Amino acid sequence: MPHSDAPPLRFGDDPLLWAAWLYYQDGLTQAEIATRMGVSRPSVNSYLADARTRGIVSIEIDPERFRALSIAKAMQDHFGLDDCLVIPSGGTGSPLIDRLGAAGAQVLSRLARSGDTIAVTWGRTMLSLANRIGRGGLQDLRVVQATGGTTAKIPWTPEACATRLAEALGARSIPISAPAIVSSPDMRALLMREPVVAEQMAILAQANRIVLGISSLRPESTIHSSGFFDGPGMQGQYHAAVGSIAGRLIAARGEPVDGPLEGRTIGVDLAALKTVPCRIGVAGGMDKVQAILAALRGGYVNVMVTDADTARAILTAEGHEDGPARPVAAAPAALPERVRIKKFLNRPQDAVNETVEGALLAHQGLLAPITGAPRALRAVDGARPGKVGLVIGGGSGHEPGFFGYLGRGLADAVAIGNVFAAPPPDPILAATLAADGGAGVLHIFGNFSGDVMNFETAAEMATARGIRVRTVVTTDDIASAPVDARAARRGVAGNVFVFKIAGAACDRMLPLETCAALALRANARCHTMGIALEPGASLESGKPSFRLGPDDMEIGVGVHGERGIARARLTTADEATDLIVDRILDEMRPAEGDRVALLVNSLGATPQMELYILNRRLRQRLRARGVGVHRTLIGHYYTSLDMAGVSITALHLDDELTALLDHPCSAPAWTQGGRP
């Protein structure tokens, strides 16, 4: 547990920062601050004077300097944490995992005491922490693995993390001489009776501190790479899970998710974890928001280390609103807030089925239902012998995605979920069977945990029926994760270009592996970012998905109504475009003479007039860089219900991708050229 005589983690060892916060943010008197800090009142006066001299504060707290402090305090208060450290999300050039590891090492160094028994889980962040911690002069430490061993195919195994941490601290290393996952509950019971394993588990039970990573369930996550989901149908048992800690699966509210792994796992269980006095969670990245939130809700962490964007997204999900503690002057009267949104609906629960029915009636020459699967559609002119089938899908609310890209030269079948929810495995399987022409089927979908799990389950079911399936998960949203964690990014409007490239490859009768490789290349060369002026509204409640001030805009929004990574003052169309273009060009790094395809996409409520104004500035910026534009799409292509906002996608073309982009197609949302 943190010691009361030390400043909270977010202030580090900076007494000026701590004193300034207590005075300007918390409103304490100098005498109260002296008592809180354990110093004299003249010292407090000196700290505050130095803080002003160094520019830490002016009349009010410098908002940029104190943003992370404010978020850390909100996290601590909201979740009842003993302490919280929030680091910047970017701007240093170092990968986020490395910076989280360094921050976690600082926290552990500060909290550890001689005689401690420290348990450690495994993963990239844990190994980074172990590689960055210093010895510190502590005595009689023990470091114990929190679980048994995992596959040696990864460098961040439980053995590696515990051994390296023990070496760095000069501690005794205690392994768990058994696999983390064994073949059966009977085998687990047998191993637990072995004297050596029983002794090691007894030491694990004595741990008074644990340092733990928190894993999402995305394909590149620690829980996947460690081999926990190896075996057919395994993921299908864990639909309710959103993350894992020490190999234990947890649901959105933090409750354990029971399944076949539970009786086969050797290591600390969730009940035992919560009895450890000091539980330091170190995790960050937008892909882990759900998992970290579940861990916090479940009480598995009482000291949290994360980054500012992740913490802000977590607080947003809990309904927390940003706001200054002491406004400098009275704020101007706000515009009336929309508290209920008008919709053309019958019953909200019927909206998806009625949307599908209406789409089938509108596009009878292009779309057809799949018998026995109400949420699965096929292209009328789709599957044919010898052709690779293309299946796409995801949640409703993105119209015309996904059925808008169903047709010759694009997708052959689609599976449709509830609003912003993944389709279940059964309609995905039905779509796969309908798209199969004997040459295999390619699945393409956005990188969201539910879609990943359900499409993988459907692929296993199709494979069992003799259908070869390849999967491409789209990851074009540059705001949702740093470039070094590209695999963790969300798949958003870039889907449109990836569907087009893959559909053309399939229509040209190219083999499955080639179609998949081309789709992967298109995804890797797609870059998307969005800005919202107004949030979208829930069909069920009719209320906005988040609150946004009359003079604010949200930068880096998702397509499921999520808030973005930052909030800024409302600005001009040109300046808003520049915010997006700067990020895209910085990552894409096109050379003079390169070509791109552009998608200027309304997120639902933004009219064509504004999209054309934004496109004007976009073309100015690209022309100044010497980048040519081969094709531009403008309009409603991949929406977020009625969000007022825009996303811009740039596909960095090469000759082969250009030819596939130009290939004729005929679908509700995209028709070009003659009949393929």
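This note goes through the domains of the chain and then its nonpolar cores.

1. The structure is a predicted model, in which local features need pLDDT of at least 70 and side-chain atom pairs count only at pLDDT 80 or more, while totals for chains, interfaces and linings use all residues. Residues are numbered from 1 along each chain as its sequence is written, and side-chain values use heavy atoms, with hydrogens and water left out.

2. The domain assignment gives domain 1 (1-59), domain 2 (63-227 + 239-318) and domain 3 (364-672), with bounds that come from an automatic or database assignment.

3. The C-alpha centres of domain 1 and domain 2 lie 31 Å apart, and 15 residues of domain 1 are in contact with 20 residues of domain 2, where contact means heavy atoms within 4.5 Å. The area buried between these two domains is about 1700 Å², of which carbon and sulfur atoms give 65%; buried area is the accessible area (1.4 Å probe) that two parts lose on being put together, summed over both.

4. The largest nonpolar core has 76 residues, of which Met 75, Ile 214, Ile 245, Leu 296 and Met 304 touch the most other members. Such a core is a set of buried (under 20% relative accessible area, 1.4 Å probe, protein chains only) Ala, Val, Leu, Ile, Met, Phe, Trp, Tyr and Cys residues joined through side-chain atoms within 4.5 Å. This core draws at least three residues from each of domain 2 and domain 3.

5. Apart from this core lies another, of 61 residues, including Phe 402 and Leu 653.

Notes. Buried means under 20% relative accessible area, exposed over 50%, partly exposed in between (1.4 Å probe, protein chains only).
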